[in-house]
Amino acid sequence: VVDVVTHAVYRGWFTVLDGRFVEVEEGDGPRPGEVEAAEALDLGGAYVQPGMLDVHMHIESSLVTPRRFAEGALPRGTTTVLQDPHEVANVLGAPGIRWMVEASRGLPLRVFSAVSSCVPATSPDIETPNAAITPAEVLELAAERDVLALGEVMDFQGLAAGDEHLAAMVAAAHAAGLSVEGHVPSLSGPALSRYVAFGVRSDHTLMTAPKLLEQLRKGQWVMVQEKSVTEDVVGAVMGLPDRSRVMLITDDVMPNRLLTGHLDRIVSLAVERGWDPLDAIAAATLRPATYLGLSDLGLVAPGALADFVVTEGLAAYPPRQVYVGGRLVAEDGATVVASSPSPQPSAPDGLAQAFDPAAVLRSWFELPASGSVRARVIVTNERNSFTTLDERGVEVAGGVPTDEDLSLATVVPRARLRPGAAPHEPVVGLVAGLGLRRGAFATTFAHDSHNLFVLGRDPDAMLTATRAVLRAGGGMAFAPAGDAEPLLLSLPLAGLLSDDPVAEVAQRFDAIERALVAAGMRHLNPLLLLTLLPLSVSPDYKLTDKGVVDVQARVVLPPLVEA
């Protein structure tokens, strides 16, 4: 038995009644006649640890519905999640959150939910939103069963500066007894203090050792995701005399990676980088349960809910078996119970998106210039989503830059893609550093507003990919050329999700990603990067339908520099 309270492992036995642990004892088993059991299981010297809790994540990042996500996460040992459905919320508003909450009920995975706080993520002068959440709706949604938190307050600069709407959202959350979750990629010093003073409890963004220590000193809980599991951060964590406010989380797991790991991947990586195994397991079990006030989860102890994972060794994943409430739910890499929600959720308006592919014009994807121009170019790197901005001279022929390192990119508001919509006035920008030599990519899954994002080297291919996505009611597509059949991943639910099995979605996802790599893309996670390029709260420069966004300064710059 893996004891995450005293950080010990002991040979023991336990009983389960009505979904909860009763006796949890050392030794080889009960004495004859001591326990009357309907069923006895000998785990043969295996290890039993608590089921893992992922308390900051977005189901929509897996591109599947909650029931399909459960089928992927349970076999990896994740038994409880706190989802922030802010992708669906940014498209459908409060009805979308309610739909995600309802679609998560009655599953073998325990799903708690947060009310998305930043819908839209920024102000309408920075990008065109598709939905909004009000303080009144926070109070309404907080009354829903299993809603525990206000999702990450992503406009960290706005809240620190005293934005009245955000302050009202946070006040409503506190009034409803919700935990307030944070998103603080760059604040420090007095600005961070002002942000935390609003009662923001946590941060999950990219960590460094100094940032982690400052946030802990200021009372925040620190959530360490995969990109932050570095030797420096792990060393800083291991150097703490008290690690009770440090947790491991996933945040976003794309469908292809869900097949090979979830929170277990983060624990394994942490151990590989020097994190003590028992402490790493506690950071994915007891501590997140404590953080959310779920006192009957995250440990193997009398009275706790019998959510546990059976492994062949300490922190040896994937698990052999996974139990939730004392019931076997996954074994040998697959779920063994039905995963349909109960009852079935009612579909909100807009869950099926209606688009007009014929309304899209090739001119939307051309630079409105020719010859030599000065342009602001968003520059990417090959490892993460951080970007810089470069001003340079660009040669343009036929609306396309002659420099093969430059890709055309544009964002089209969903409202301009509806039948009978007003004409769209395109803003076309340039992106460098991708390595893309040919073809085009289009997606309606584009953080966080989820307008249509299109990027490519060829306006004809951009048109082809866009029309394929719109005909499908949303999704992702890659067109290798204007006259070639595009690869398509259909996401017909809000233009974000599929109800197909994770393996099928992952197969189509991988096919698009492989095509992007074959076309020259050099990034470690091509599709993740492309879906983040429109994210107007992600440092440092991103593209929206309004232009190039300077995230830190909160201003929009035109892609072409005025002469």
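Let me start with two helices: α4, residues 135–142, packs against α6, residues 164–175, at an angle of about 20°, and their axes are 8 Å apart. This is a predicted model, where local features need pLDDT of at least 70, side-chain atom pairs count only at pLDDT 80 or more, and totals for chains, interfaces and linings use all residues. Residues are numbered from 1 along each chain as its sequence is written, and side-chain values use heavy atoms, with hydrogens and water left out.

Helices here are DSSP runs of H or I with at least four residues, strands are runs of E with at least two, and numbering goes from the N terminus. Angles under 35 degrees count as roughly parallel, so α4 and α6 are roughly parallel to each other. On the α4 side, P135, V138 and L139 are in contact (heavy atoms within 4.5 Å) with H165, A168, M169, A172, A173 and A175 of α6. By type, that contact has eight nonpolar residues, one polar and no charged.

Next, S179, in strand β10, residues 179–182. Is S179 buried or exposed? Its relative accessibility is 10%, so S179 counts as buried; the cut-off for buried is under 20% relative accessible area, with a 1.4 Å probe and protein chains only. Beyond its neighbours within four places in sequence, S179 touches L148, A149, L150, R201 and Y291.

Last, helix α8, residues 209–217, where A209, K211, L212, E214, Q215 and L216 are buried. Their cover includes α7 (189–196), β11 (202–203), β12 (221–224), α9 (231–238) and β13 (246–248). Just after α8, G219 has a positive phi of about 90°.

Technical notes
Axes are lines fitted to C-alpha atoms, for helices over the stretch in contact, and angles run from 0 to 180 degrees between N-to-C directions. Angles under 35 degrees count as roughly parallel, over 145 as roughly antiparallel, 65 to 115 as roughly perpendicular and the rest as oblique. Ala, Val, Leu, Ile, Met, Phe, Trp, Tyr, Cys and Pro count as nonpolar, Asp, Glu, Lys and Arg as charged, and the others, Gly among them, as polar. Buried means under 20% relative accessible area, exposed over 50%, partly exposed in between (1.4 Å probe, protein chains only).
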